[in-house]
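Please look over the model shown here before reading the notes below it.

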Amino acid sequence: MTTSRVPRSSLDGTRDDSTTARLEQENAQLRHAVDSHARVDQAIGVLIAIHRLTSAAGFEVLREVSQHTNIKLHTVAETVIAWALGQPLPEPVGRQLDAAVQRRSHQQDAPDAEAG
């Protein structure tokens, strides 16, 4: 017997409560993901503007700060955005942000190994 992921409608054409609840939960999760992605993109923009990083390097900086501070990526992004708006950076985030920016800046400045 196979199961289908297609929501089943009742005889009157309406969906059952469990299907509606599941769809509402999926919708909420998607909205959260879109909001988190937007915050990360905004934080990358801050790093591009302030530190003259590429967008890929900006993402890597946020990722490294997240990993080294054990703070979720979207929370690091929110902290960077708040910093751009005048709030102080918490110590561990500021220290890791400086270190990650330095690593990425040196990588961007280094000549391409294949160019020689």
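## Helix α1

The model is predicted. Helix α1 has 35 residues. From its first C-alpha to its last, α1 reaches 51 Å, close to the 51 Å expected at 1.5 Å a residue. After α1 comes Arg52, which has a positive phi, near 55°.

The buried residues of α1 are Thr19, Ser36, Val40, Ala43, Ile44, Val46 and Leu47. In general, an α-helix has 3.6 residues a turn, so residues three or four places apart point the same way.

## Ile44

Ile44 lies in helix α1. Its relative accessibility is 9%, and because buried means under 20%, Ile44 counts as buried. Leaving out residues up to four places away in sequence, Ile44 touches Ser55, Gly58, Phe59 and Leu62. Val61 is 17 residues from Ile44 in sequence, and their C-alpha atoms are 8.7 Å apart in space.

## Packing of α1 with α2

Two packed helices are described by the angle between their axes and the distance between the axes. For α1 and α2 the angle is about 110° and the axes are 9 Å apart. That angle makes α1 roughly perpendicular to α2, and α1 passes α2 in a right-handed crossing.

On the α1 side, the residues that meet α2 are Val40, Ala43, Ile44, Leu47 and Ile48. Their counterparts in α2 are Ser55, Gly58, Phe59, Val61 and Leu62.

## Packing of α1 with α3

The axes of α1 and α3 are 8 Å apart, and the two helices pack at an angle of about 45°. They are therefore oblique to each other. The crossing of α1 past α3 is left-handed.

The α1 residues in this contact include Ser36, Arg39, Val40, Gln42, Ala43 and Val46, along with Leu47, Ile50 and His51. From α3, the contact involves Leu73, His74, Ala77, Glu78, Val80, Ile81, Trp83 and Ala84.

## The largest nonpolar core

The largest nonpolar core has 18 residues. The members that touch the most others are Leu47, Val61, Leu62, Val65 and Val80. Two or more residues come from each of α1 (17-51), α2 (55-69), α3 (73-84) and α4 (91-109). The most come from α1, which gives five. In soluble globular proteins, nonpolar side chains tend to be buried together.

What is Val65 in contact with, leaving aside its neighbours within four places in sequence? Val65 is in contact with Val76, Val93, Gln96, Leu97 and Ala100.

Terms used. Residues are numbered from 1 along each chain as its sequence is written. This is a predicted model: local features need pLDDT of at least 70, side-chain atom pairs count only at pLDDT 80 or more; totals for chains, interfaces and linings use all residues. Side-chain values use heavy atoms; hydrogens and water are left out. A nonpolar core is a set of buried Ala, Val, Leu, Ile, Met, Phe, Trp, Tyr and Cys residues joined through side-chain atoms within 4.5 Å. Buried means under 20% relative accessible area, exposed over 50%, partly exposed in between (1.4 Å probe, protein chains only). Helices (H or I, at least four residues) and strands (E, at least two) are DSSP runs, numbered from the N terminus. Contact means heavy atoms within 4.5 Å. The expected span of a helix is 1.5 Å times one less than its number of residues. Axes are lines fitted to C-alpha atoms, for helices over the stretch in contact, and angles run from 0 to 180 degrees between N-to-C directions. Angles under 35 degrees count as roughly parallel, over 145 as roughly antiparallel, 65 to 115 as roughly perpendicular and the rest as oblique. A crossing is left-handed if the near helix is turned anticlockwise from the far one by less than a right angle, and right-handed if clockwise.
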